[in-house]
Amino acid sequence: MSLADRLLDTRPLCASAAFRRLWAGNALSALGGQLTVVAVLFQMWELTGSPLAVGAIGLVQSIAMVLFGLLGGALADAVDRRRLVLLTTVVQLLAAGLLAVHAASMWGLLALTALQTAGSGLGAPARKTFVVRLLPADQVGAGIALTNLAFQAAMLIGPTIAGVVVGQWGVGACYLLDALTFAAALYGVQRLPAMRPQGEIARPGARAIWEGWRFITSKPLLHGALLSDVLATVTAMPMALFPLINSEHFGGHPETLGLFFSAVAVGGLAAVAASGMVTRARRPGAVMLAAAGAWGLALAGFGLAQPLWLALTCLTAAGAADTTSVITRGAIVQLATPDSHRGRVSAVDHIVGVSCPDLGNFRGGLVADATSAAFAAFTGGVLCVVGIVVLALTNRSLRRFEATAPELPGR
């Protein structure tokens with residue numbers, strides 16, 4: 001085994017042609033999504049000049065993601081997941097095309113953004129189940145790491161490409177490029193085998209959603225894995241504090257603020273590049289808990305850091321720890337959930353992942369407003385560490401979980 005393979009576990013790309021096509025389509029789609037994120041924000045500001053209107057985009061997306069994510073989880077446990085993702089990807093493609101030709105007003109932009117987010121929310125739980133159905137159990141973590149690599153790379157280069165495209169050809173070009181990347185994602189999904197849920201088929205509806213929540217609360221391993229994400233993000237999410245800390249300690253220069261975000265992204269990419277050492281770990285639960293604790297420690301250090309180099313080092317370490325935690329948690333959730341419930345559990349996992357960071361940023365803003373940004377970052381990191389330590393001590397099944405699962409038909 002080469003050094004490169006030891007660092008980045010590429011076995012899934014070699015082992016499964018279906019996963020390879022799916023990964024390539026998702027990578028292009030993630031890049032297109034970043035183009036639309038920038039274009040929507042830019043266009044809303046150009047249309048209204050209102051920070052409130054720009055903020056309304058996030059509100060609309062959050063509501064659509066939660067509502068349709070829960071429904072998508074129930075549907076994913078009742079229908080062919082491949083067909084569900086195909087349908088919802090078509091909805092997202094159409095929304096991107098409509099954005100290119102019809103989003104000339106604030107309300108039109110909000111409505112089409114909500115439509116695209118609804119398509120994403122409906123399909124996300126089913127899409128999350130594909131990796132564990134396509135790969136052997138010992139490669140699931142590596143598959144999730146490769147998916148995360150594509151997303152991290154898109155976040156790093158996508159906004160820069162979007163800025164160039166908007167400047168040269170306007171926001172419509174970003175939306176059209178996004179639509180083209182959805183076509184690539186459609187190809188990757190269309191070539192998959194049928195993905196009907198196995199075991200007891202749930203009837204979609206409020207009862208099925210409630211049963212999904214009950215299933216999670218009855219399994220210490222699952223609710224412990226999800227709780228680790230809640231503890232890490234709600235107590236210690238630092239992004240809302242970046243402008244204040246930059247102003248308080250580093251002169252408020254915009255270049256420094258940009259470095260804060262870049263440091264987190266660089267740490268995440270570095271962690272993915274070396275994720276082979278994590279994805280082959282026998283006990284991903286212990287790795288996840290250690291990574292979540294390291295995230296808290298790094299952010300506490302960021303709150304105390306005075307020289308810029310130390311602050312950037314702490315943020316880079318935080319980005320690496322966060323990505324490691326995301327990869328291992330994703331593997332745990334998929335491997336520990338029977339296929340009959342994977343859609344609903346994946347829906348909750350997805351909603352926690354997209355909503356709790358917003359709550360964490362809100363918490364940070366409240367504490368910083370009452371005290372200081374540095375105090376908010378430090379205390380948030382300490383609270384995260386304390387919470388993770390308590391979780392590790394009280395949840396034996398989580399810290400001792402081993403990455404094995406029965407082979408599933410249809411891989």
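## Helix α6

Helix α6 (residues 106–128) has 23 residues, which should span 33 Å at 1.5 Å a residue, and its end C-alpha atoms lie 32 Å apart, in agreement. The expected span is 1.5 Å times one less than the number of residues. Helices here are DSSP runs (H or I, at least four residues), numbered from the N terminus.

At Leu-122, α6 bends by about 30°, and the proline Pro-125 follows within four residues. The bend at a residue is the angle between axes fitted to the seven residues ending there and the seven starting there.

## Basis of the model

The model is predicted: local features need pLDDT of at least 70, side-chain atom pairs count only at pLDDT 80 or more, and totals for chains, interfaces and linings use all residues. Residues are numbered from 1 along each chain as its sequence is written, and side-chain values use heavy atoms, with hydrogens and water left out.

α17 has 29 residues and reaches 42 Å from its first C-alpha to its last, close to the 42 Å expected at 1.5 Å a residue. A kink of about 30° lies at Ser-355, shortly before Pro-357.

Helix α17 (residues 342–370) packs against helix α18 (residues 373–394) at an angle of about 130°, with the axes 7 Å apart. Axes are lines fitted to C-alpha atoms, for helices over the stretch in contact, and angles run from 0 to 180 degrees between N-to-C directions. α17 and α18 are therefore oblique to each other; angles under 35 degrees count as roughly parallel, over 145 as roughly antiparallel, 65 to 115 as roughly perpendicular and the rest as oblique. Their crossing is right-handed, meaning that the near helix is turned clockwise from the far one by less than a right angle. On the α17 side the contact (heavy atoms within 4.5 Å) involves Arg-363, Gly-364, Val-367 and Ala-368, and on the α18 side Ala-373, Phe-375, Ala-376, Thr-379 and Gly-380. By class, the contact of α17 with α18 has five nonpolar, three polar and one charged residues. Ala, Val, Leu, Ile, Met, Phe, Trp, Tyr, Cys and Pro count as nonpolar, Asp, Glu, Lys and Arg as charged, and the others, Gly among them, as polar.

## Packing of α16 on α17

The axes of helix α16 (residues 308–335) and α17 come within 10 Å and cross at roughly 155°, which makes α16 roughly antiparallel to α17. This crossing of α16 and α17 is right-handed. Arg-329, Val-333 and Gln-334 of α16 meet Arg-342, Val-345, Ser-346 and Asp-349 of α17; the contact holds two nonpolar, two polar and three charged residues.

How values were computed
Helix = DSSP H or I, 4+ residues; strand = E, 2+ residues; numbered from the N terminus.
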